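Reader: I would like a close look at one part of this model, its aromatic pairs. Which rings pair, and how are the rings in each pair arranged?

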Amino acid sequence: MALRAGVAGGVLSTIAVAGSANAATAAEPVTETIEMPTLTATLTSKVALSAEATQQAADAYQYRAEQQSAAEKAVKDAKKAHKAAEKKAEAAAKKKAEERAAAAERAARSAERTDLSGVQTAAATSSSSGSSASAPSRDIPAPASGSVASVISFLQAQVGDAYVMGGTGPNSWDCSGLVQAAFKQVGVDLPRTSQEQSTAGTQVGTSNLQVGDILYWGGQGSAYHTGVYIGDGKYLDAANPSKGVVIQDLSGYPADGAVRVL
């Protein structure tokens, strides 16, 4: 009995000690739970700082991207503006060149007209004192030539077309370009310029004109304008940018010479 009682007491003591130890161990988590808020607050602060840094980096990247896009757009706009300015300058230069050419032609014609006016005045004075002077014939009949008729028909079909320096058709001409094209219709190959056309064929006086004769203004070999006599004291030419291709009265602008190629 005593042995059993001792064993039982020992067992109970062991159980008591174990229970006490377990109780003490169970109390420890309480202390750790009290410290958790402090650790969580620190971690939250670090996460917030990291998020802010990430946002700042993203903002900086977006700002750089916007700057680069704006710079690229500025470069493209500058290139477009440069091209537009170049085209505008080219158009202005072309227009100015055309105006200068037209002004030079008008000046040359005006000077020639002044000179011819003086010659005509002197001739009229000489005629009144007994000298004979000849004027361009207004009633010389056209020669019976189908070639001449074809030339005149072609020229009349171009009346109303524009004058463009260097023009050779089909809807715009300069003086020598029109004359060259007209005679090409009947197989006559004339030089391209008025200077050369004034030396082609046979020289005839302006007092002995026939339909189809090539008229020129200026000196032989240095003429600055050509046209074609169409009879009845009239001629057809590509006059200038303001008139275009027209029929004009020869008495208003007498030619200096004429050549016959048909």
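Author: The chain exposes about 16,400 Å², of which carbon and sulfur atoms supply 58% (accessible areas come from the Shrake-Rupley method with a 1.4 Å probe, and for residues only the protein chains shown count as cover). This is a predicted model, in which local features need pLDDT of at least 70 and side-chain atom pairs count only at pLDDT 80 or more, while totals for chains, interfaces and linings use all residues. Residues are numbered from 1 along each chain as its sequence is written, and side-chain values use heavy atoms, with hydrogens and water left out.

A search of the whole structure finds three aromatic pairs (rings of Phe, Tyr and Trp, the last by its six-membered ring, pair if their centres lie within 6.5 Å; planes under 30 degrees apart count as stacked, over 60 as edge-to-face and the rest as tilted). The ring centres of F154 and W173 lie 6.1 Å apart with the planes at 85°, so this pair is edge-to-face. It links distant parts of the chain, because F154 belongs to helix α2 (residues 146–157) and W173 to strand β2 (residues 172–173), 19 residues apart (helices, H or I of at least four residues, and strands, E of at least two, are DSSP runs numbered from the N terminus).F154 is buried, with a relative accessible area of 17%, and W173 is buried at 3% (buried means under 20% relative accessible area, exposed over 50%, partly exposed in between, with a 1.4 Å probe and protein chains only).

The rings of W217 and Y253 have their centres 5.4 Å apart and their planes at 20°, so that pair is stacked. This pair, too, links distant parts of the chain, with W217 in strand β4 (residues 214–217) and Y253 in the loop between β7 (245–249) and β8 (257–260), 36 residues apart. Both W217 and Y253 are buried, and together with Y235 they form one aromatic cluster.
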